[in-house]
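Biologist: I am new to this structure. Please take me through it one question at a time.

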Amino acid sequence: MDACAPMVAPVEGGTPAAAPGELAAVAATLIQARQTILPKRLAEPAPPAAEFAQIVAAAGQAPDHGQILPWRLVRVPQAQRGPLAEVFAAALLGRDARATPEQVAQARDKAYRSPELLLVVVDGERGDPQIDLHERIVSAGCAVQNMLLMATALGYGSALTSGKALKSAGLRTLFGLGAGEHALCFLSLGTVQSRKRARLRPVPTDYLRTLGGEPPDEPSRADPLL
């Protein structure tokens, strides 16, 4: 599929074959183009094997203190969507025994909404015990953002979803999570069918402060970005 911006080819050693200004322009275009597309608005075709491999490989470029690889991805093929749907339904009924049949059906439907689905898992015990869980989650977040940006560059929509079912015993059993592992979120990929109106994005004055500086004024808002 068409990329949203020209990609910069790497050279030996991993250094991009582009001037810093050119690379910054590509990065800014790509970052600003990323938008969450709800799974119900994602459809076939999913990324084919070669492009899916590019998206997954992007995760491996995330920062990783101590090179402990504190996260992993679990792909959920179509053949396993049924068991996942039952986990979602059971998790809902476990929280609310009075859930209506329609609500249970909606819970099941969440397993089928996007053509490509992955679970992001963080391991709080793997490798150096001095590297705490928060740092491991940051590494996983960087890996996920890399995947979202690569999917955007390849022309696909993407979304992160969470929910109380991530903490359910049924989901932990289905995915074989260890005692120190945490289901962080689902990542959905597919072809965009429709988009919502772009939301307002924060600008640096909303979130950048200087230590010892004056208290912030009322936050401003940037123009909406796609």
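Biologist: Is Glu181 buried, partly exposed or exposed?

Modeller: This is a predicted model, in which local features need pLDDT of at least 70, side-chain atom pairs count only at pLDDT 80 or more, and totals for chains, interfaces and linings use all residues. Residues are numbered from 1 along each chain as its sequence is written, and side-chain values use heavy atoms, with hydrogens and water left out. The classes rest on relative accessible area: under 20% is buried, over 50% is exposed, and in between is partly exposed (1.4 Å probe, protein chains only). Glu181 has a relative accessible area of 10%, so the class is buried.

Biologist: With which residue does the side chain of Glu181 meet in a salt bridge?

Modeller: A salt bridge is a side-chain nitrogen of Lys or Arg within 4 Å of a carboxyl oxygen of Asp or Glu. For Glu181 the N to O distance is 2.8 Å, and the partner is Arg72.

Biologist: How many residues apart in sequence are the parts that this pair ties together?

Modeller: Helices (H or I, at least four residues) and strands (E, at least two) are DSSP runs, numbered from the N terminus. Arg72 belongs to strand 2 and Glu181 to strand 5, so the parts tied together are separated in sequence by 109 residues.

Biologist: Which residue meets Glu116 in a salt bridge?

Modeller: Glu116 is in strand 3 and its partner is in strand 2, 41 residues apart. The side chains meet at 2.7 Å, N to O, and the partner is Arg75.

Biologist: How many residues of strand 3 are buried?

Modeller: Strand 3 covers residues 116-123 and is largely enclosed by the rest of the structure. Glu116, Leu118, Val120 and Val122 point one way, and Leu117, Leu119, Val121 and Asp123 point the other way. In a regular strand the side chains alternate between the two faces of the sheet. Both sets are buried, and the count is eight of the eight.

Biologist: Which residue of strand 5 stands opposite Leu118?

Modeller: Two strands pair if DSSP finds at least two bridges between them. Strand 3 is joined to strand 2 (residues 71-75) by five bridges, antiparallel, with Val74 opposite Leu119. Strand 3 also pairs with strand 5 (residues 181-192) over eight bridges, again antiparallel. In that pairing, Leu118 stands opposite Leu187.

Biologist: Which residues does Ser158 contact, leaving aside its neighbours within four places in sequence?

Modeller: Ser158 lies in strand 4 (residues 157-161). Ser158 is buried, with a relative accessible area of 1%. Contact means heavy atoms within 4.5 Å. By that test the residues are Gln35, Thr36, Ile37, Leu42, Leu148, Ser188 and Leu189.

Biologist: Which helix gives the most to the lining of the second largest pocket?

Modeller: On a 1 Å grid over the protein atoms alone, a pocket is an open set of points where a 1.4 Å probe fits, with protein on both sides within 12 Å along at least five of seven lines, and lining residues have an atom within 4 Å of a point. The second largest pocket is lined by 24 residues, with Phe88, Ala107, Lys110, Thr161 and Ser162 nearest its centre. Helix 3 (81-95), helix 4 (101-109) and strand 5 each supply at least two lining residues. With five residues, the one that gives the most is helix 3.
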